[in-house]
Amino acid sequence: MVSVPRLVIAAPASGSGKTTVTAGLMAAFAERGLDVSPHKVGPDYIDPGYHALAISSAASSAASSGGRSRAGGARPGRNLDAYLCGPERIAPLFLHGAAGCDLALVEGVMGLFDGAAGQGELASTAHVAKLLRAPVVLVVDASSQSRSVAALVHGFASWDPEVRVAGVILNKVGSDRHEAMLHEALEGCGVPVFGALRRTRAVRAPSRHLGLVPVAERHAEAVDSVAALAARVREGCDLDGLLALARSAPPLSERAWDPEEEAHRAIRTAPAAGGRAGRAARPVVAVAGGAAFTFSYAEHTELLTAAGARVVPFDPLRDERLPEGTGGLVIGGGFPEVYAPELSANEPLRAAVAGLSASGAPIAAECAGLVYLARSLDGEPMCGVLAAEARMSERLTLGYREAVAVSDTSLAAAGTRVHGHEFHRTTIVPGAGPEPAWGLVHPERRTEGFAQGDVHASYLHVHWASIPGAAARFVDRCVPPAG
């Protein structure tokens, strides 16, 4: 049994202020010297970046002013997606990420009860809260209501008896009189108010076609924003009461997920088929990062490392060469469309990527990575690994997908079934190669992506923790370092 103080920060609907309130709470508690573990329900990559920044910048500020910080703010933001990873992995993944923390905060997705379309509560914030047996604090946009707030909160608190809606934070409150009216309305509701935050434009994060602009693109401004958020939360929220509520969460009986155990199990049960690295080798796996490629799950790097790789990050906007000795390449999601001219101008790196592919080294590319491997993006030359052209589209492609591996690739054997997520506003022609990466089976049937040699390129975001052996399979196919 493991006791982890924890709260889920939810809302009745998107746009209520979950991300800003959660980031402010994380920063405020980190300023107190608490080791805060940040988590996000759903597949979103951007919010966890703000979570990690809020904690690290607040911890640094506390340390520089002589305060206490046990963890130094080093924890990455982590996702908890019951569709991508399966409900059975949510508590183990949570316990892995939250190990040793003083407080874990989990930001919800959409409205509290909104999950995978047509699949009931699956992957909703409420579902994850039940799997974690965590108290829920509801962030309510109070800007256009007064007494009606009681009906809203009562409805959410009573809808599912297994979901413990244990508190409310009122957001976008207009005035002292407005706040008093809201408190009066909620007095008989049975759900305590833990804070009231006033309307402000000073800390809004800018958005564009796929949501918030990632932290990597506005780091200095984002640091100022989370500092302002922390100040708002300190002034407007009962931090002691929220911490006491978090500590009331019951112990969890599940075992923490362990990347070393996962990798070793994969190596034992799925011996390499045609692998080159050998068990004694430690191949270099280059992982794209920087402002253009910000989307990744922390567990992917942990799994690669556990499988025997030496993971080396690089920035395709700045680095003209792949890391020395690169034997495999991972290019995740991001915004190459925003940086197409700069990516195209880095001709030496584009040539190096094409050369690595020609050498037979494995490349795993998803979404932004897929686009980067194409011949062009909006007319700008890209790496030319794939015989395909990419361009921006007016249509947003968004949603969960169920798929099966059509071909043997560096990530999965043919026939492997996965759950994934698409989230892009680009298109690629053709949408699938002669040997597709995936055959989508739900909610539509079509082939998708490219399985070309040891290149696996697809729009589908998948979580490697849910694909047994994916990381070990990839590392096994890597070219070992020279000498």
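Me: In what sense do strand 2 and strand 3 pair, and over how many bridges?
Reply: This is a predicted model. In it, strand 2 and strand 3 (residues 78-80) pair in the parallel sense, over 3 bridges. The bridge partner of K40 in strand 3 is N79.

Me: What about strand 2 and strand 4, which sense and how many bridges?
Reply: Parallel, over 5 bridges, with strand 4 covering residues 103-107. H39 stands opposite V106 there.

Me: How many residues of strand 2 are buried?
Reply: 6 of its 6 residues (36-41), so the strand counts as mostly covered given that buried means under 20% relative accessible area. In a regular strand the side chains alternate between the two faces of the sheet. Here both faces are covered: V36, P38 and K40 are buried on one side, and S37, H39 and V41 on the other.

Me: Switching to the cores. Which residues touch the most other members in the largest nonpolar core?
Reply: F94, L112, L132, L170, L304, W438 and W464, out of 86 residues in that core. Helix 4 (residues 90-98) contributes the largest share, 6 residues.

Me: And what is in the second core?
Reply: The second core is separate and has 37 residues, including Y339, L343, A365 and A390.

Me: Back to L112. What does L112 touch?
Reply: Leaving out residues up to four places away in sequence, L112 touches A10, A11, P12, S124, T125, A126, V136, L138, F156, V163 and V165.

Me: How do strand 20 and strand 21 run, parallel or antiparallel?
Reply: Antiparallel, joined by 3 bridges, with strand 21 at residues 455-458. F450 stands opposite A457 in strand 21.

Me: Let's look at V330. Where is it placed, and is it buried or exposed?
Reply: V330 is in strand 12 (residues 326-331). V330 is buried, because its relative accessible area is 12%, and the cut-off for buried is under 20%.

Me: What does V330 touch?
Reply: V285, A286, V287, A288, L304, A364, W464 and F474, again not counting residues up to four places away in sequence.

Me: Last topic, the second largest pocket. How much space lies in it, and which lining residues are closest to its centre?
Reply: About 860 Å³. There are 41 lining residues, and the closest to the centre are F293, T294, F295, S296 and Y297.

Me: Which element gives the most to that lining?
Reply: Helix 2, with 6 residues. Elements that each supply at least two residues include helix 2 (46-64), strand 10 (284-288), helix 11 (298-306) and strand 12.

Notes:
Residues are numbered from 1 along each chain as its sequence is written. This is a predicted model: local features need pLDDT of at least 70, side-chain atom pairs count only at pLDDT 80 or more; totals for chains, interfaces and linings use all residues. Side-chain values use heavy atoms; hydrogens and water are left out. Helices (H or I, at least four residues) and strands (E, at least two) are DSSP runs, numbered from the N terminus. Buried means under 20% relative accessible area, exposed over 50%, partly exposed in between (1.4 Å probe, protein chains only). Contact means heavy atoms within 4.5 Å. Two strands pair if DSSP finds at least two bridges between them. A nonpolar core is a set of buried Ala, Val, Leu, Ile, Met, Phe, Trp, Tyr and Cys residues joined through side-chain atoms within 4.5 Å. On a 1 Å grid over the protein atoms alone, a cavity is a set of points where a 1.4 Å probe fits but cannot get out, and a pocket is an open set with protein on both sides within 12 Å along at least five of seven lines; lining residues have an atom within 4 Å of a point. Grid points are joined across faces, edges and corners, and a volume is the space filled by probe spheres set on the points.
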